[in-house]
Amino acid sequence: MFVDRIKIYIKAGNGGNGCTSFYTEKYVANGGPDGGDGGTGGNVVFEADARMTSLLDFKFASHFRAPDGEKGSGRYCNGKSGKDLVIKVPRGTVIADAASGGILADLFSDGERITVLKGGRGGKGNARFKSSRRQAPHFSQLGEQTEEKCVLLELKTIADVGLVGYPNVGKSTLLSSVSGARPKIANYHFTTLSPNLGAVQYYDHGFVVADIPGLIDGASQGAGLGIDFLRHVERTRLIVHVVDIAGTEGRDPVEDYKNINRELKEFSPELGKRPQIVALNKAELLPDDRAVTEFKRKVKVPCFPVSAVTRQGLNELLKCVWDTLCLLPPPAPLEFEPFVYPDRDTTGFTIRRDDDGAFEVCGGMIEELARGVVLDSYDSFNYFQKRLRDDGVIKALRKAGAGEGDTVRILDIEFEFVE
């Protein structure tokens, strides 16, 4: 089974919790706080692997989670950070955010890596909250929690040459004749259901050819599996258009050529401008050269009568392919504006008025602050109130109209505003 488009769910590791601990030793009465920080969660990393040819592995495992960071411990011992989760994908995989469609990466080169999600930060241990006025903090900070994201993986085959044409025109046979590839070959439509790659050796040179499954009329609008097939042509530098010059299917070769080109152009105007060479296949079935001459008169691109079965004309075709490739720019990844998941907001907050008249404070700064608040700890709650004053929350409440005795809600905490 060939899979070239699939959704998966990824999540970076949560940060480990900080530790609340105090140094104890014989004859040491007041050792002080020594709680270590929690470890950072593991990142989610994608890596291109040229040995993979399909996204089939992701059909049976769609959820990927990086390890969490470990919690801190006493004696200033920080927790161990979570290992990065490396997800290997085939070379040529485009990674996009499923919600917005923004492209995160195009893993074009073998071994190329990108960090898509960063692990959560570890919480601070109580030793980090010690100050001249707070000698023995009995609280620590929780690790940062990460969010799960849904991403779309789309494989676009990377090849120098793409073989296109109607079903049953002999593309797979041609590929097997010019390379070491052994695709399935049979005399019925849609024998090829997924792209096949073959490495062609032309004297001291080499290039990669992709056999694209047969296209039909309306492929650019999704007829059959057209769009699924056409995306694999986008990467190719040169198109070899295979035409059944003998008309064994009862179709006109010139009309076949025009129809396929129309589908390519409608799918992508840039693809419609891609350089082409026409392989007039099944020439061994022709009684004379009139069909070839007529095709060349109507189609003004390089045309070569060939036979994938008898290998007639293949040397001339390969020479033209190689000479053309030498004039074309090397393959390159997609040009796009990279989409990046935004870092979590830890400084902003908003104030709104509820229906009952209470003032509610919410936002990234409040959520970040809540990681270090323990409501039943006197020291922790005092630290919470101090941060509200220092970070401008109290001032903003006054500006929003909060007065003496008004109710203020912050997360699960509800209290009266006091001037």
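**Backbone, cavities and cysteines in a predicted model**

Asn168 is buried, with 15% of relative accessible area. The structure described here is a predicted model. In this model, Asn168 sits in the loop that connects β9 (161-164) with α1 (171-178). Its backbone has a positive phi of about 70°, although Asn168 is not a glycine. A positive phi of about 70° is also found at Arg311, again a residue that is not a glycine. Arg311 belongs to the loop between β14 (303-305) and α6 (314-327). With a relative accessible area of 46%, Arg311 is partly exposed.

A further positive phi, of about 55°, occurs at Leu411, in the turn of a hairpin formed by β17 and β18. Two residues separate the strands of this hairpin. Strand β17 covers residues 407-410 and strand β18 covers residues 413-416; the strands run antiparallel and are joined by four bridges. Within this pairing, Arg409 has Glu414 of β18 as its bridge partner.

Across the whole structure, the search gives two cavities of 30 Å³ or more. The largest cavity has a volume of about 70 Å³. Its lining consists of Val161, Leu163, Leu174, Val178, Phe207, Val209, Val240, Leu317, Leu318 and Val321. By class, this lining has 10 nonpolar residues, with no polar and no charged residues. At least two lining residues come from each of β9, α1, β11 (205-211) and α6. The largest share, three residues, is supplied by α6.

The second largest cavity has a volume of about 30 Å³. Gly165, Tyr166, Val169, His241, Val242, Val243, Asp244, Asp256, Tyr257 and Ile260 form its lining. The contribution of β12, four residues, is the greatest.

Helix α6, which contributes to the lining of the largest cavity, was considered in more detail. An α-helix has 3.6 residues a turn, so residues three or four places apart point the same way. The buried residues of α6 are Leu314, Leu317, Leu318, Cys320, Val321, Trp322, Thr324 and Leu325. Among them, Leu317, Leu318 and Val321 also line the largest cavity.

The search of the whole structure finds zero disulfides. Cys320 is in no disulfide, and the nearest cysteine sulfur, in Cys303, lies 9.7 Å away. Cys320 is buried, because its relative accessible area of 16% falls under the 20% limit for a buried residue. For Cys19, the closest cysteine sulfur is that of Cys77, at 9.1 Å, which is too far for a bond, because a disulfide requires the sulfur atoms to be within 2.5 Å. Cys19 likewise counts as buried, at 13% relative accessibility.

How values were computed: Residues numbered from 1 in each chain as written. Predicted model: local features only at pLDDT ≥ 70, side-chain atom pairs only at ≥ 80, totals over all residues. Heavy atoms only, no water. Pairing = 2+ DSSP bridges. Buried < 20%, exposed > 50% of the residue type's maximum accessible area, 1.4 Å probe, protein only. 1 Å grid on protein atoms, 1.4 Å probe; cavity = no way out; pocket = protein on both sides within 12 Å on 5 of 7 lines; lining within 4 Å. Points joined across faces, edges and corners; volume = space filled by probe spheres on them. Nonpolar A, V, L, I, M, F, W, Y, C, P; charged D, E, K, R; others polar.
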